[in-house]
Amino acid sequence: MKAVPAFPPATAGRREQVQTVPTLAVLLAALITLADLLTPPTLVVGTLLTAPVALAALGGSRRFTLGLLAFAVLANVVAGALHFQAGEPPTTDLLNRGISVLATLLVGGLTLRARTASQRAAWLAAEQRRSEQERALRTLVQTVSGPYGEAEFVARAAQGLCVLSGAQAVEIGCVRRGFLRAPHATFPPEAPHHLNTHLPLDLLVRPPDAGTVWRAADGEHLLATLARQDGDLWVRVQRPQVSPEALAEAIAALQPLLERTALLDSLAAQRAQLAEQGEVVRDLIYAFSHDLRTPLLANALHIDQALRGAYGPLPEEYRRALQHGLDANDALLSLADQLLTVARYEGGEAAEEPQEVNMRDVVLGVVEQLRPRAQARDVTFELHLHSVRVEGSRHDLRRAVQNLLDNAIKFSPPGGTVTVELGLDLDDARLRVTDEGPGVPPSREATLFQRFRGGGAGGGSGLGLYLVRRIAEAHGGSVHYQRTARAKTVFSLLLAGGRAG
């Protein structure tokens, strides 16, 4: 808590007063004391010593006032003693002299108390003005604070300065070659402005010795500048009701906030550039995936017809080569489909209209599709499927299931078993895929479901498990990896809103 000062800081006029008043009080006290000694005791001129005491209390220091008060009392006593040394003084004279001493003490005490009260009132008034100024500065900062760009900041700063200063109008803009340019704002908005016009010389010239804020030649404007890299902002405050010092404090409070807006504008430009680049990348992925699927499908059709004997009997080695080509073709088709799905999720595009999906049918369809691949690797499926229904995208859910089963087949050892379990876990549908593969190195578990972070059970294109996570999250669920005590790998896919059916 601030201590109350003995008196407010003295201005130049007050210091002159502090030097003059004691001199007058001493001269007056000396003259009254001399008159008291030279006049008859019945006049009691010493009573007039209350005047220099009061003068000292109002204009001198407390220590000087107490000293002069002591002198006045002593002068009264000495004058009375000198007057009454010739004989017994009359009772009236003694009473008058006593009243003179008491009056001096009373005037001195009351005047000191009045002076202290006046000083305290002045200090409280100054503190109140300071408090109001600080509250106005806080309001100004709150007005312009926020994730605003430079244009919004300038508009809010003009409004905040107008309210803080009580001005008739405030204008802010960037001066380039004598012309006022954007960013620009006035408050009130309908006030006259100088946008895109040449500023008058009296509003443009800054005196050499001017500080942050200076008064224009016409006397009715306070001018200031806010520094920035692309040219300082010029501030015009018309007929303000505050001092230049108060406005300078407001400008100082705005300066760091203006510097922050430049950073926010830069970040916004970078975000816009990145968004534009992202759109280009997504468009390229869409075009690539779409254009890739057409020849791949045609190629798969021709290979399948050849394997079925459309072109006559084929040597076994040729059939194996065609089968490998068909498998590679399927892998490319799967990659193209995954790229399309990733582009759709990264772009925030809505999937197909949610529908009721029977997850048991989806899992059985994927198992039948992948069974030839599993048989080729001597891997068998063990199914424990309950009928479970969820709301969502059938295509995306099929993709998630296919990625998990394809991953399990890929890393299962020859003769291994992939166990697929489908059921309910409270209000969620739960799909568990267990294989006997080597699992994921502990160092890569944290990035297993991130984009292009394949490794171990997450190997391949680096998109499979990432897509499973994104599809699960889009359906209000999640996906988890676990390595069991029996050296088995378990992937659990949870989907919200599951129900028996």
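Guide: We will go from the overall make-up to single residues and their partners. One caution to begin with: this is a predicted model.

Visitor: Fine. How many helices and strands are there in the protein?

Guide: The protein has 11 helices and 13 strands.

Visitor: And what share of the residues counts as buried?

Guide: Of its 501 residues, 38% are buried.

Visitor: How much of the contact count comes from residues 24 or more positions apart?

Guide: Such residues make up 65% of the contacts with a separation of 6 or more.

Visitor: Let's get specific. How many aromatic pairs are there?

Guide: The count is 2 aromatic pairs. In one of them, the ring centres of Phe 449 and Phe 491 are 6.2 Å apart. Their planes stand at 85°, so this pair is edge-to-face.

Visitor: Where do Phe 449 and Phe 491 lie?

Guide: Phe 449 is in the loop between strand S10 (428–435) and helix H11 (464–474). Phe 491 is in strand S12, residues 489–496. The pair therefore ties together parts that are 42 residues apart in sequence.

Visitor: Are Phe 449 and Phe 491 buried or exposed?

Guide: Both Phe 449 and Phe 491 are buried. Phe 491 also pairs with Tyr 481, and that pair is tilted: 5.4 Å between centres, 50° between planes. Tyr 481 belongs to strand S11 (residues 478–483), 10 residues from Phe 491 in strand S12.

Visitor: How accessible are Tyr 481 and Phe 491?

Guide: Tyr 481 has a relative accessible area of 16%, so it is buried. Phe 491 is buried too, at 2%. Together, Phe 449, Tyr 481 and Phe 491 form one aromatic cluster.

Visitor: What about Thr 489, where is that found?

Guide: Thr 489 is found in strand S12. Its relative accessible area is 1%, so it counts as buried.

Visitor: New topic. How many salt bridges are there?

Guide: There are 12 salt bridges. One of them joins Arg 156 and Glu 152, with the closest N and O atoms 2.9 Å apart. Both residues lie in helix H5 (residues 150–165), 4 residues apart, which is about one turn of the helix.

Visitor: What about a salt bridge with Asp 406?

Guide: The side chain of Asp 406 meets that of Arg 373 at 2.5 Å, N to O. Asp 406 lies in helix H10 (residues 394–411) and Arg 373 in helix H9, so the pair ties together parts 33 residues apart in sequence. Asp 406 is partly exposed at 26%, and Arg 373 is partly exposed at 38%.

Visitor: What else is in helix H9?

Guide: Gln 369 is found in helix H9, residues 359–376. Its side chain makes a polar contact with the side chain of Arg 398, at 2.7 Å. Leaving aside neighbours within four places, Gln 369 is in contact with Arg 398 and Gln 402. The C-alpha atoms of Gln 369 and Gln 402 are 9.0 Å apart.

Visitor: And which residue meets Arg 432 in a salt bridge?

Guide: Glu 421, at 3.4 Å from N to O. Arg 432 is in strand S10 and Glu 421 in strand S9 (residues 417–425), 11 residues apart. Salt bridges with shared partners also join Glu 356, Arg 389, Glu 391 and Arg 499 into one network.

Visitor: Last stop, the surface. Which residues form a nonpolar patch?

Guide: The patch is made of Leu 34, Leu 37, Leu 38, Leu 74, Val 78 and Leu 82. Together they have about 560 Å² of accessible area.

Visitor: Which helices supply at least two residues of the patch each?

Guide: Helix H1 (12–38) and helix H3 (62–83). Leu 34 sits in helix H1 and is partly exposed, at 47% relative accessible area.

Methods: Residues are numbered from 1 along each chain as its sequence is written. This is a predicted model: local features need pLDDT of at least 70, side-chain atom pairs count only at pLDDT 80 or more; totals for chains, interfaces and linings use all residues. Side-chain values use heavy atoms; hydrogens and water are left out. Rings of Phe, Tyr and Trp (its six-membered ring) pair if their centres lie within 6.5 Å; planes under 30 degrees apart count as stacked, over 60 as edge-to-face and the rest as tilted. Buried means under 20% relative accessible area, exposed over 50%, partly exposed in between (1.4 Å probe, protein chains only). Contact means heavy atoms within 4.5 Å. A polar contact is a pair of N or O atoms within 3.5 Å; within protein, one must be able to donate a hydrogen and the other to accept it, and residues adjacent in sequence count only if both atoms are side-chain atoms. Patches are made of residues with over 30% relative accessible area and no salt bridge: like charges are joined within 9 Å, nonpolar side chains (Val, Leu, Ile, Met, Phe, Trp, Tyr) within 5 Å. Accessible areas come from the Shrake-Rupley method with a 1.4 Å probe; for residues, only the protein chains shown count as cover. A salt bridge is a side-chain nitrogen of Lys or Arg within 4 Å of a carboxyl oxygen of Asp or Glu.
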